[in-house]
Amino acid sequence: MLKPIRSVAVGAAAAVLLVSAFTLSSASAATEDSGRRGGKGHSAAPQTLGTLGQKAGLRIGTAVNATALAEDAPYRAKVAGEFSSVTAENAMKWEAVEPQRGTYDWAAADELVDFAKKNRQLVRGHTLVWHSQLPAWLNNGDFTAEELREILHQHITDQVTHFKGKIWQWDVVNEAFNEDGTLRDSIWLRKLGPGYIADAFRWAHEADPRARLFINDYNIEGVNAKSTALHELVTGLREQRVPVHGVGIQGHLGVQYSAPHDIADNMLRFDRLGLETAITEADVRIPMPADSTELEAQAEGYGVLLRGCLLTPGCNDFTVWGFTDTYSWVPDTFPGQGAANIFDADYAPKPAYSTLRQTLALAAGRH
Ligand code: G3I
């Protein structure tokens, strides 16, 4: 398993990144694909995001669309070839794995776990406790608090046990906060109170003591009311010895908004608590149609997220939420916006792809 191995030297390299990554971002990715400079007749294998990430001390992952993985050969090849970790985009969510109470369907999730093993990729498990994508029997059921608590306990135990030893990091609790830092009004908070969060981590830890357990959210890239509330929550959880090991920062950005330039300040305060961190769902959407200036701004958005991770010693994974515009959640959720990924719909790399490659190469001490 890849550990957070970045050293002091990387700190220096990362400082360089702050000033140089943007200037380099428009150079072609093909430069690095030709292998090392200066080696006559040298035929080094092309550097992928995964191999560059390994040299920089972190995994580079993607969310995986289960249907595309099964049916789209170029998609499958890209997932296998480019990335060193994977996350199920939907296949491990509650509605997917337990459509009827007590009846599990692990097929799509197992496919991905097997695929990852074959390709020596680590798996981020997403997600155990969320307010969204719950099965109808759960949403529509009229359960007492006691029953609901047992349902949650059982689900976490069954799911984490099923994948025991196969999941690197679990997003145990997802999107628990509102923007103002209060806890989100969900079925869990309403019926079980705020203690559901600590319970979920304890139950997951009991089922797989070696999995790294994360709390994950969006709009917590910079220092703001939401990220500060999360910081207070995990501080308290750590004091109570609740087994929370990491904070996942989703990283859903848009070019029309300012980028979170204080991301390292924010991530480092979690690092100081002894927590791991990860960028778990990076993408940067664009009002359509996308022009070249917006594609450059998008590259800078990805660069800001990656640099935040590289500047944080315990940040051990940078995952993009899908890599091709063919399969993206964005147009459905934000009509009129899209092109959020690092490859276009024909798998051609965008400036964002070059920025990620070059930023990783700099962090690895290469030129
Ligand atoms: O499962 C049904 C399927 O039965 C039906 O045939 C099909 C028809 O459209 O819909 C399927 O459900 C879709 C589901 O993805 C699985 O494909 C939903 O309509 C669709 O809304 C759902 O969207 C997912 C979304 O989470 C739901 O909130 C996106 O693919 C997924 O990328 C997105 O991921 C979330 C993360 O989990 C948490 N953070 C935010 C991120 C983006 O919203």
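**A walk through a predicted model**

Let's begin with confidence: the chain has a mean pLDDT of 90, and 87% of its residues reach 70 or more; pLDDT is the predictor's confidence in each residue, on a scale from 0 to 100. Residues 1–43 have a pLDDT below 50, and beyond near neighbours in sequence this stretch has 69 contacts in the model, a contact being heavy atoms within 4.5 Å. This is a predicted model, in which local features need pLDDT of at least 70 and side-chain atom pairs count only at pLDDT 80 or more, while totals for chains, interfaces and linings use all residues. Residues are numbered from 1 along each chain as its sequence is written, and side-chain values use heavy atoms, with hydrogens and water left out.

Now for the overall fold. You will find 16 helices and 10 strands in the chain; these are DSSP runs numbered from the N terminus, with helices (H or I) of at least four residues and strands (E) of at least two. Of the contacts with a separation of 6 or more, 79% join residues 24 or more positions apart. Among the 367 residues, 56% are buried, where buried means under 20% relative accessible area (1.4 Å probe, protein chains only).

Next, look inside. In soluble globular proteins, nonpolar side chains tend to be buried together. Here the largest nonpolar core has 93 residues, and L138, W170, V173, W188 and F318 touch the most other members. Such a core is a set of buried Ala, Val, Leu, Ile, Met, Phe, Trp, Tyr and Cys residues joined through side-chain atoms within 4.5 Å. Helix 11 (residues 196–207) gives the most to this core, with eight residues. Setting aside residues up to four places away in sequence, W170 touches several residues, including M92, H126, F163 and F214.

Helix 13 (residues 263–271) is mostly covered, with seven of its nine residues buried. Those buried residues are I263, A264, N266, M267, R269, F270 and D271. They pack against helices 12 (225–239) and 14 (292–310), and against strands 6 (246–249), 8 (276–287) and 9 (315–320).

Finally, visit the ligand. It is surrounded by 14 residues, the closest being E89, K93, H126, E175 and E281; a residue counts as near if one of its heavy atoms lies within 4 Å. A polar side-chain atom of K93 is 2.6 Å from an oxygen atom of the ligand, and an N or O atom in the side chain of N90 is 2.9 Å from a ligand oxygen atom. On E281, a polar side-chain atom lies 2.7 Å from a nitrogen atom of the ligand.

Note on methods. Buried means under 20% relative accessible area, exposed over 50%, partly exposed in between (1.4 Å probe, protein chains only). A polar contact is a pair of N or O atoms within 3.5 Å; within protein, one must be able to donate a hydrogen and the other to accept it, and residues adjacent in sequence count only if both atoms are side-chain atoms.
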